[in-house]
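Hello,

Here is the structure I promised to pass on. Please have a look, then read my notes below.

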Amino acid sequence: MKDNSTKNNFIVQAGILAAAGIISRIIGLLYRSPLQRVIGDLGQGYYHAAYSFYTIILLISSYSIPAAISKVIAQKLALREYRNAHRIFQCALGYVLAVGGAASLLLFFGAGFFVAPEAVPVLRTFAPTIFIYGILGVLRGYFQAHKSMSQTSVSQILEQIANAVVSVGAAWLMIRQVYGSLEMPAGEAEQMDRAVRGAVGSALGTGAGVLVALLFMLGVYQLNKGLIGRRIRLDRHEQTDSYGEILKMITRVVTPFILSTAIYNLSSTVNTSIYTKLLPAVRDLGTMDISSRWGVFAGQVLTISEIPIAFASAMAAAMIPTVSQLVAARKMEEAKRKINLAVKTTMLISIPCAVGLFVLARPVTGLLFKNTQEVEDLATKLLMTMAVSVIFYALSTLSNQILQGLGRLNVPIVNAGIALVIQTVVAVTLLFFTKLDLYSIAIARTVYSAVICILNQRAVRKAAGYRQEITHTFAVPLLASFFMGCVVWGAYELLLFLTKSPRIAVLPAILIGAGVYFVLLLVFRGVTEEELKSFPKGYLLARAAKKCGLLKH
């Protein structure tokens, strides 16, 4: 483990974390198809109904720990206070053991209060995972504070692999154990029981993944224990923070992180409750049909749309310790440059991804999931409706963490609360006074992401005293993405005509689109040579661009 400080190194670290995040989400997508075949859309509906409440409890208790701990420890490392940094780590472990344990008990014994009776066993299966995740989060935050993202990256991939294997395997075993095969039973009660068993098996996979990641991170910590001990022994700072002071500091920092992250992600839980609990009660609709449709939305559409946001999440994780250290050292101009570069890099990735999802919504959905024509049409149109939200969510995710790195811990809470109220009004109005059905939720999520994005950007501008560059950050990527989208659509249609297979045609079309976008970005001078070199393997990209005459020597 080392303290990385090279110029724009946070972009490289974010790239490492983003690559792991994208790989993890691709693994998550790949196992969704066999999982869907095992547990069905109804099982997916029960799983995601429980998962949304599990997520909220996780956010409140443990999920924000890596970001919060990395911020606090990074400030101590900037002053080379290694003893105090390690004391913060130890206190954080005690904090999550207490809070995570209480949250797990709450989720287990209060499951009936949060979800419908069918999803109670699923939610209870999630309960122990919260306790385990807290410890994992502290370890990840400790290494992120050292600007070292590789440990977190590997643990994320291992977590997703274990999740995929156990989710599908456990669901398959639990259904086969009772019904002897994967055939759908004739009776409605048996269909519901089968779906619940499959969803419970999938929830076991989530816990298994977190446990595997925790064991890996414990091993990494053990390997670095000697170096950590030497740094502590060589620390000559006379002032040693007491555990009481540290616990108060952790509470002051963690609480705003928890509240902002919880409210930021409360949108999904609110939408789940509105659609799966309120709508059937008001309109006297069948819960099985509602749960199945929600399974399509949450299990397919949201899963696909969240893949590009992995880069923004990684950039945010890399930004917190960097900005926190610069602010602590009162280097605001350098902090502004880092923020500008982070926002620009995120938009360079998110904008073409949003356009690509819109253009290739049907073939991408068909590639990943085996659906009936009706379900495929629904998933395709929902994904197209939500494509633009990828840009808003990416930018708001990044700006959320930038504000926290700047010390404006309460601002994201207020902004997320305002956006949540607006999106809830939009969702309820459209759902109950129009015939848009699930499209109401898709539109509401897009509105939510847009509102919080605008509010956060204004807050960052005010807090840091700078204005985001517009032309090369937004306009050029949008223009290049527009032409890329046209080329991708044409390439896909041509390949589909030649091969007669959407699955064969879609992957080459994506690769062609990526190449076209990269060329257009350079042609329109959307990225400089220095910025290109700051990306992972950027020197190779710059060298190739120069050989092709796209960059001036």
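Predicted model: local features only at pLDDT ≥ 70, side-chain atom pairs only at ≥ 80, totals over all residues.

Val154 is partly exposed, because its relative accessible area is 37%, a value between the 20% and 50% cut-offs. The residue sits in helix α6. Val154 also belongs to a nonpolar surface patch of about 360 Å².

**The chain overall**

The protein chain has 20 helices and 0 strands. Of its 553 residues, 57% are buried. The chain exposes about 23,100 Å². Carbon and sulfur atoms supply 66% of that area. Take the contacts between residues at least 6 apart in sequence: 82% of them join residues at least 24 apart.

Next, Gln36. This residue lies in helix α1, which covers residues 9-63. Is Gln36 buried or exposed? Gln36 has a relative accessible area of 7%, so it counts as buried, the cut-off being under 20%. Leaving aside residues up to four places away in sequence, Gln36 touches Asp41, Gln44, Gln300, Phe369, Lys370 and Asn371.

Then there is helix α12, residues 361-368. Here 6 of the 8 residues are buried, so the helix is largely enclosed by the rest of the structure. Which residues of α12 are buried? They are Ala361, Pro363, Val364, Thr365, Gly366 and Leu368.

Best wishes

Technical notes:
Residues numbered from 1 in each chain as written. Heavy atoms only, no water. Buried < 20%, exposed > 50% of the residue type's maximum accessible area, 1.4 Å probe, protein only. Helix = DSSP H or I, 4+ residues; strand = E, 2+ residues; numbered from the N terminus. Contact = heavy atoms within 4.5 Å. Areas by Shrake-Rupley, 256 points an atom, 1.4 Å probe, with all protein chains shown as cover. Patch = residues over 30% accessible without salt bridge, like charges linked within 9 Å, V, L, I, M, F, W, Y side chains within 5 Å. Salt bridge = Lys/Arg side-chain N within 4 Å of Asp/Glu carboxyl O.
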